[in-house]
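I opened the notebook to look up side-chain contacts.

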Amino acid sequence: MIFEIGCELEYTAKFPSTLILSIYAQRNASQTIRAEHFTVEPKVATHEFVAEGGGNRFLRLQTGKHKKLHLSYAATVEADCKERPAHTIATTPIAELDSAALPYLFPSRYCQSDRLAKLAWDLFGAIEKPYDTVIAITDWIHDNVEYVRGMTTSETSAYDTVTQRVGVCRDFAHLGIALC
């Protein structure tokens, strides 16, 4: 399956800084990058590196004396994935989950599933099919959380988002993950 991905980012730095960004598509056995393009204006020193063990590609960027930066990334990625009809997706009992997947179920700094478990169970616990649960969660977020730029920070968690009922894309994603 072919995906076209991209982003445009703008940063304001009050003083010379180093940014470490994760904006590049990953290269791995199941994903090939057919084409990619990255620019930063004005031109500054950059260095790409790959994290050990995970394969994630990062960009280290030195702002230098520049106060404003504009970054652009675009890629065409071929991923070895298959579409599955929603009705074919079944619930997997915890006892049958691959042990490598279990750490991803634990609460984290941004997705406090333990603090949101009762709410999630009350709202979505009676839904039997996994696909229907995910759709109900995304619909609930859409209906109950307002998209408002500048109201959250890099420290905002899913719990903060559900209590404040405002956020941006990242906050919506963290809330959806925590409720799942």
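**Rings and charges**

I found the charged end of Arg 115 over the ring of Tyr 159, 3.7 Å from its centre. The term asks for NZ of Lys or CZ of Arg within 6 Å of the ring centre and within 35 degrees of the ring normal.

I noted the basis. This is a predicted model, where local features need pLDDT of at least 70, side-chain atom pairs count only at pLDDT 80 or more, and totals for chains, interfaces and linings use all residues. Residues are numbered from 1 along each chain as its sequence is written, and side-chain values use heavy atoms, with hydrogens and water left out.

Next I searched the whole structure for aromatic pairs and got 4. Phe 49 and Phe 58 are stacked, at 5.5 Å centre to centre and 20 degrees between the planes. Rings of Phe, Tyr and Trp (its six-membered ring) pair if their centres lie within 6.5 Å; planes under 30 degrees apart are stacked, over 60 edge-to-face, the rest tilted. Why is the pair of Tyr 147 and Phe 172 edge-to-face? Because the planes stand at 85 degrees, with the centres 6.1 Å apart. This pair links distant parts of the chain, 25 residues apart: Tyr 147 is in strand 7 (residues 146-147) and Phe 172 in helix 4 (residues 169-179). Helices (H or I, at least four residues) and strands (E, at least two) are DSSP runs, numbered from the N terminus. I also logged one aromatic cluster of Tyr 24, Phe 38 and Tyr 73.

**Salt bridges**

I counted 7 salt bridges in the structure. Each is a side-chain nitrogen of Lys or Arg within 4 Å of a carboxyl oxygen of Asp or Glu. Glu 78 bridges to Arg 34, with the closest N and O atoms 2.9 Å apart. Glu 78 lies in strand 6 (residues 68-79) and Arg 34 in strand 3 (residues 31-41), so the pair ties together parts 44 residues apart in sequence.

I then checked Glu 36 and Arg 57, whose side chains meet in a salt bridge (2.8 Å, N to O). Glu 36 is in strand 3 and Arg 57 in strand 5 (residues 57-62), 21 residues apart. Is Arg 57 buried or exposed? Arg 57 counts as buried, at 3% relative accessibility. Glu 36 is partly exposed, at 30%. Buried means under 20% relative accessible area, exposed over 50%, partly exposed in between (1.4 Å probe, protein chains only). I traced a network of salt bridges that links Arg 27, Glu 36, Glu 48 and Arg 57.
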